[in-house]
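Hi,

Here is the structure I said I would pass on.

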There are 2 protein chains.
Amino acid sequence: MTPPPAGKRGPGRRPGESGTRQAILDAARAQFAAHGWDRATIRAIASDAGVDPALVLHFFGSKALLFAAAMTWPFDTDAAVEEVLSGPRAQLGERLAAFFLSVWEDPERREPIMVMLRAATTNAQAAELLRETLMTVFLGPLGSRLEVPDPELRMSLCSAQLIGLGTARYIVAFEPLASLETERVVELVGPALQRYMTGEL
Amino acid sequence: MTPPPAGKRGPGRRPGESGTRQAILDAARAQFAAHGWDRATIRAIASDAGVDPALVLHFFGSKALLFAAAMTWPFDTDAAVEEVLSGPRAQLGERLAAFFLSVWEDPERREPIMVMLRAATTNAQAAELLRETLMTVFLGPLGSRLEVPDPELRMSLCSAQLIGLGTARYIVAFEPLASLETERVVELVGPALQRYMTGEL
């Protein structure tokens with residue numbers, strides 16, 4: 001997601017470095033998924049990757065930047081923006097809800113978002129990463145294409161509704177919301193998103 | 001919040017037990033607030049309270065039940081239900097939003113909810129506790145007083161909107177939502193809650 005600082009690459013680069021970087025990223029992904037942000041350690045990641053912890057920090061700078069690099073955003077963000085925008089304007093909210101649910105319904109695509117969300121609830125740096133990433137790659141571009149006043153406000157309201165939907169349906173499992181068909185959830189939540197996106201606020 | 005299993009009290013009760021219980025609860029509250037659900041340990045709580053870890057488990061049964069007992073729900077739930085219900089029906093959503101924000105705006109009242117939410121994102125047992133508590137003491141009674149069809153569905157939708165609002169405004173800090181006056185947030189989110197509470201779904 002976030003590339004390492006440019007200064008970390010360069011003429012001093014040794015053969016095999018990209019393999020080492022990849023091994024660290026694979027180990028980080030496994031550790032963050034298994035133990036969450038808090039309990040995953042640079043030491044354990046380095047050990048799994050067969051390198052010294054100092055090398056992990058040399059390559060990635062910090063635990064937060066390693067986390068950002070290891071997390072693969074689980075959808076093509078440009079295509080997602082187009083998917084939400086394509087179709088009747090009155091159904092923007094339903095399409096945003098349907099797209100969001102399509103990601104969360106797939107356990108493999110849901111996992112990286114849940115790891116980021118867990119990390120964000122316990123660590124301010126991880127919260128900043130989640131916010132900046134979501135706004136930079138998806139909500140910001142989507143909002144700017146809506147041609148409405150206050151796109152940032154509208155997108156922050158959509159993010160509140162969507163984060164809450166993900167948490168209540170898939171993590172805390174409030175019923176009957178957790179067991180509904182996705183089509184029904186789209187009907188239920190779409191109008192709230194529609195108002196946030198295009199309504200009078 | 002949740003009392004210990006009845007069997008843990010009884011004729012064998014020694015003098016000083018209530019003081020010991022209180023010391024454990026105080027230590028638990030401090031540990032959960034400082035380290036979160038994941039990193040707070042029975043061992044550290046017992047150490048802070050000056051007792052053996054086995055005694056903590058004897059009194060409370062498990063980490064989850066200790067957590068539930070240590071967390072003080074940061075508002076009078078019966079009064080909260082009345083506060084939301086009192087007034088014009090068309091402003092139920094705004095009153096629910098205003099009440100929720102009044103709790104989250106106060107760092108001391110927000111903290112126990114954030115600890116529960118953090119715990120819920122990493123632990124299924126903690127998620128169940130959050131869900132059951134919120135439904136039993138607040139959302140369930142509120143929903144049953146609305147005299148609408150599908151009160152559970154409506155309340156689970158409200159919980160999604162409110163959990164997301166709390167997370168987006170106070171934890172992930174999406175802007176401009178995070179910096180708005182509470183009165184403005186009530187205006188923005190109230191209509192979504194109103195529809196979930198009384199609208200055609």
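To start with a question: is A:Phe67 buried or exposed? A:Phe67 is buried, as its relative accessibility is 0%. (Buried means under 20% relative accessible area and exposed over 50%, with partly exposed in between, using a 1.4 Å probe and protein chains only.) A:Phe32 also comes out at 0% and counts as buried.

Before the rest, some housekeeping. This is a predicted model, so local features need pLDDT of at least 70 and side-chain atom pairs count only at pLDDT 80 or more, while totals for chains, interfaces and linings use all residues. Residues are numbered from 1 along each chain as its sequence is written, chains are lettered from A and ligands numbered from 1 in the order in which they are written, and side-chain values use heavy atoms, with hydrogens and water left out.

Now the overall picture of chain A. It has 10 helices and 0 strands (DSSP runs numbered from the N terminus: H or I of at least four residues for helices, E of at least two for strands). Of its 201 residues, 51% are buried. The C-alpha trace spans about 55 × 35 × 25 Å along its principal axes.

Back to the rings. Over all chains there are 14 aromatic pairs. (Rings of Phe, Tyr and Trp, the last by its six-membered ring, pair if their centres lie within 6.5 Å; planes under 30 degrees apart are stacked, over 60 edge-to-face, and the rest tilted.) One of them is A:Phe32 with A:Phe67, edge-to-face at 4.8 Å between centres and 80 degrees between planes. A:Phe32 sits in helix α1 (residues 17–39) of chain A and A:Phe67 in helix α4 (residues 63–70) of chain A, so the pair ties together parts 35 residues apart in sequence. In chain B, the ring centres of B:Phe32 and B:Phe67 are 4.8 Å apart with planes at 80 degrees, so that pair is edge-to-face too. Both B:Phe32 and B:Phe67 are buried. Ring pairs also join A:Phe75, A:Phe99 and A:Phe138 into a cluster.

Last, a helix packing in chain B. α1(B) and helix α3 (residues 53–60) of chain B pack at about 100 degrees, axes 11 Å apart (axes are lines fitted to C-alpha atoms, for helices over the stretch in contact; angles run from 0 to 180 degrees between N-to-C directions). Among the residues that meet there are B:Ile24 and B:Leu25 from α1(B) and B:Phe59 and B:Phe60 from α3(B) (contact means heavy atoms within 4.5 Å).

Cheers
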